[in-house]
Amino acid sequence: MAEGFIPLCVPEIRGNEWKYVKQCLDTNWVSSLGSFVGQFEQKLALYVGTRYGVAVVNGTAALHIALLVAGVGPEDEVLVPTLSFIAPANAIRYVGAWPVFIDAEPEYWQMDPQKVADFLRKECRWAGKKLYNKKTGRPIKAILPVHILGHPVDIDPILDVAQKYDLPVIEDATESLGAKYKNRRVGHLGDVACFSFNGNKIITTGGGGMIVTDNEAWARKAKYLTTQAKDDPLEFVHGEVGYNYRLTNIQAAMGVAQMEKLDEYIATKRRIASTYAEAVKDVPGIAPMREAEWASSTFWMYTVLVNQEQYGLDSRALLRKLEQAKIQTRPLWQPMHLSPAHRGAYSTDCSLAVGLNQAALSLPCSVGLEPQEHQRIIENINSLCRSALHVRRQKIS
Ligand SMILES: Cc1ncc(COP(=O)(O)O)c(C=O)c1O
């Protein structure tokens, strides 16, 4: 990495990773059979509180399989927040279904439960035993809330409507491992949940994912589908079109080591967040990321909202200025109802997410962020505001 460069969010590898990976190499158990896969599945499921965990190759594959086991199929519709990384909407398309985009709420930027309820009540109708989107004529099959940035969705009202309309809830918890909603861990709130261990996540296996559930039949089906749907491994008989979505033992070995550090990493992320919050509270036009009183956030990706009028620069101009100071930042994702990749999908009014997208900027928050690096970022945010406001005052006078 270039001298003095502060990256956005990089892995932290300082536990038993070398030791466990070496065990795989020394014993020749490098592929998807091997004891670390089972250990990783058990450890993560135990942590989240579910009965089963199925390790997979990445979080997107986890979502794909979770949708299949939840019974989502071609021409169905699934409610998903517009303000999220694109993977859940893509996974919905992989099974031939369509996303229905729901706006974010303004406080914590998560899927708005009121707008989920409004859509189901006002924009859908029953025909026989199925609920249909009045506009598209397609059946509603599931709700897929995404706990973005380390903070949980206010999920109880979503679980209530899901029960009312008999819809499974698939949690995308990929960004929020370890976060709690009313003292329950995300991943154990809906019917099935997905995690990611991509390089930027709070723990990483280089690339990897996990499906967790209490539903034994779904867990068995998930294992089956992710391992090529083999009915007879000796004679190579396959009962369905399956997938090779297995995690390798080497990756799982890394996952086991990373799990040993998870609580420590969450504590560090929370410390980074409170330092930022304290530091920006007197900077005009910078709104820190918030935590609901019913939540315990991991602050996985520390993000602020930039008010151009008050700060003097908009979020993208601040991004460019910080880049010049060798500080990497990143906007949030293009809201998916605007994505060319999902032009054909149905969307409710998602104007709040558009505003959040324009204002949001994620700041460096690696677990290994050094105090002096943190200070440098904060000083830059402060001084860029002062000089932007100074320039503006000079222009006016
Ligand atoms: C919200 C969300 N869902 C799904 C994924 C997909 O996970 P993966 O990259 O492991 O496929 C990611 C990010 O990587 C994500 O941020």
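A: The helix α3 contributes the most to the shell around the ligand, with three residues, where helices (H or I, at least four residues) and strands (E, at least two) are DSSP runs numbered from the N terminus. This is a predicted model, in which local features need pLDDT of at least 70 and side-chain atom pairs count only at pLDDT 80 or more, while totals for chains, interfaces and linings use all residues. Residues are numbered from 1 along each chain as its sequence is written, and side-chain values use heavy atoms, with hydrogens and water left out.

The shell holds 16 residues, the closest being G59, T60, D172, E175 and S196; a residue counts as near the ligand if one of its heavy atoms lies within 4 Å of it. By class, five of the shell residues are nonpolar, eight are polar and three are charged, with Ala, Val, Leu, Ile, Met, Phe, Trp, Tyr, Cys and Pro taken as nonpolar, Asp, Glu, Lys and Arg as charged, and the others, Gly among them, as polar.

In E175, a polar side-chain atom lies 2.6 Å from an oxygen atom of the ligand, and for G59 a polar backbone atom is 2.7 Å from a ligand oxygen. S196 has an N or O atom in its side chain that is 2.7 Å from an oxygen atom of the ligand. Of the 380 Å² of accessible area that the ligand has on its own, the protein covers 91%, as computed by the Shrake-Rupley method with a 1.4 Å probe.

The ligand sits in the largest pocket, in the sense that more than half of its atoms lie within 2 Å of the pocket's grid points. A pocket is an open set of points on a 1 Å grid over the protein atoms alone, with protein on both sides within 12 Å along at least five of seven lines, and its lining residues have an atom within 4 Å of a point. Two elements give two or more residues to the shell around the ligand, namely α3 (59-69) and α4 (87-94), and α3 and α4 each supply at least two residues of the pocket lining as well.

That lining consists of 21 residues, of which F85, A87, S196, N198 and K201 lie nearest the pocket's centre, and it divides into seven nonpolar, 10 polar and four charged residues.

Conventions: A polar contact is a pair of N or O atoms within 3.5 Å; within protein, one must be able to donate a hydrogen and the other to accept it, and residues adjacent in sequence count only if both atoms are side-chain atoms. On a 1 Å grid over the protein atoms alone, a cavity is a set of points where a 1.4 Å probe fits but cannot get out, and a pocket is an open set with protein on both sides within 12 Å along at least five of seven lines; lining residues have an atom within 4 Å of a point.
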